[in-house]
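Here is a short report on one protein chain. Keep the model open while reading.

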Amino acid sequence: MVRSMSRSKIALIGAKGQLGSDIVQYFSELSDRYELIALTRADIDITNAEQVRQVLTSQRFDVVVNSAAYIMVDDCEQEFENAFKVNAIGALNVARATSEANPDALSVYIGTDYVFKGDQASPYTESDQPYPISIYGTSKLTGEYLVQQTVKRSLILRISSVFGKAGASGKGGNFVETIIKKAKAGEPLKVVNDITMSPTYTYDVASLLDALLQSDVTGVIHGANAGSCSWHEFAVKALAFAGIDHPIAAIPADAFPTKARRPMNSALISDRLSHFTDFQMRPWQSALENYLIEKAYI
Ligand SMILES: NC(=O)c1ccc[n+]([C@@H]2O[C@H](COP(=O)([O-])OP(=O)(O)OC[C@H]3O[C@@H](n4cnc5c(N)ncnc54)[C@H](OP(=O)(O)O)[C@@H]3O)[C@@H](O)[C@H]2O)c1
């Protein structure tokens with residue numbers, strides 16, 4: 001169902017992040033539909049409840065999108081207090097202030113595929129039971145629950161393995177950039193081939209968000225690009241599209257131990273999206289090709 005459109009006022013938290021910056025760019029072309037207030041960490045620290053309350057109650061927002069998170073999956077295992085402070089308590093602070101300012105506002109929380117255990121053979125749908133196996137995944141699932149039980153209207157938009165033009169702030173780029181950089185430098189490349197996921201372009205998530213906001217959808221939505229692959233397949237495709245001839249060795253995940261456990265399969269698919277919008281996420285291959293064109297690799 002498409003809502004009757006009046007201009008929505010949106011607060012975007014995490015506006016300088018990989019996803020946040022693409023939301024800013026995409027929504028800047030939709031000023032007839034939205035007034036977007038882009039909030040960076042300098043404007044709002046979601047762990048500071050009083051500051052969050054002040055910022056979010058200073059204007060009447062129709063939608064608050066929280067794209068801020070502590071995303072360093074391995075570091076979260078040691079820094080578990082910080083993981084919960086940002087990903088769970090921070091989400092609660094945002095949800096409380098959102099509903100205090102406007103009880104009818106929609107609270108959007110960006111979720112992750114890492115809420116799943118990864119032992120399922122097929123892609124995860126919204127009705128599959130979460131069972132996180134890392135502190136990061138647990139803190140993000142807690143964030144989902146806290147948002148859902150705090151506000152009247154929430155949208156949990158779960159995405160996975162993202163690549164975007166800005167690169168993840170804490171990771172100094174993204175997987176695609178790292179692979180291309182190392183291949184161009186002639187460095188040997190080894191990438192795991194037994195972990196399956198759905199690579200997702202942040203610009204596509206921004207366009208999905210627009211479609212979702214035009215519908216009345218609430219609850220959990222899986223918003224990955226269509227299809228799935230291993231990290232190795234993803235890396236091989238990126239180099240092939242970019243016209244870089246460089247070998248990539250395929251290795252099993254247990255040859256590359258990490259502090260945090262990762263789901264062996266975290267591919268996402270939506271069985272809810274088509275009930276609310278005609279918008280469909282394109283296959284990850286087209287999204288990757290488009291990203292590489294925009295970054296002038298092709
Ligand atoms: N990256 C992935 O592969 C992936 C996969 C699935 C889901 N997600 C989810 O997608 C969302 C966006 O991720 P991303 O890749 O865009 O991450 P990102 O580039 O690290 O962006 C996160 C933003 O949040 C900000 N932030 C961190 N702590 C904050 C705080 N206490 N208060 C206010 N802002 C804070 C960061 O600011 P600073 O730059 O100042 O730290 C950064 O701008 C997150 O919810 C993440 O959990 C990401």
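Predicted model: local features only at pLDDT ≥ 70, side-chain atom pairs only at ≥ 80, totals over all residues.

Residues are numbered from 1 along each chain as its sequence is written, and side-chain values use heavy atoms, with hydrogens and water left out.

**Helix 4.** Helices (H or I, at least four residues) and strands (E, at least two) are DSSP runs, numbered from the N terminus. Helix 4 covers residues 80-101. Its 22 residues reach 30 Å from first C-alpha to last, close to the 32 Å expected at 1.5 Å a residue. That expected span is 1.5 Å times one less than the number of residues. Helix 4 bends by about 35 degrees at Ile89; the bend is the angle between axes fitted to the seven residues ending there and the seven starting there. Buried residues of helix 4 include Ala83, Gly90 and Ala97. Buried means under 20% relative accessible area, exposed over 50%, and partly exposed in between (1.4 Å probe, protein chains only). The cover over the buried residues of helix 4 includes strand 1 (8-13) and helix 5 (135-150).

**Cores.** A nonpolar core is a set of buried Ala, Val, Leu, Ile, Met, Phe, Trp, Tyr and Cys residues joined through side-chain atoms within 4.5 Å. The largest has 55 residues; Leu157 and Phe234 are among those touching the most other members. Helix 7 (residues 202-213) gives the most to this core, with seven residues. A second, separate core of 21 residues includes Val52 and Ala97.

**Salt bridges.** The structure holds 11. Each is a side-chain nitrogen of Lys or Arg within 4 Å of a carboxyl oxygen of Asp or Glu.

| Pair | Closest N to O |
|---|---|
| Asp22 and Lys165 | 3.6 Å |
| Arg282 and Asp204 | 2.8 Å |

Asp22 is buried, at 2% relative accessible area. Lys165 is partly exposed, at 25%. Asp22, Lys165 and Glu294 are linked in a network of salt bridges. Asp210 counts as buried at 5% relative accessibility. Asp204 is also buried, at 5%, whereas Arg282 is partly exposed, at 26%.

**Ile269.** Ile269 sits in the loop between strand 12 (248-251) and helix 9 (273-276). Its relative accessibility is 43%, so Ile269 counts as partly exposed. Ile269 and Ser228 are 41 residues apart in sequence and 9.3 Å apart in space, C-alpha to C-alpha.

Terms used:
Contact = heavy atoms within 4.5 Å.
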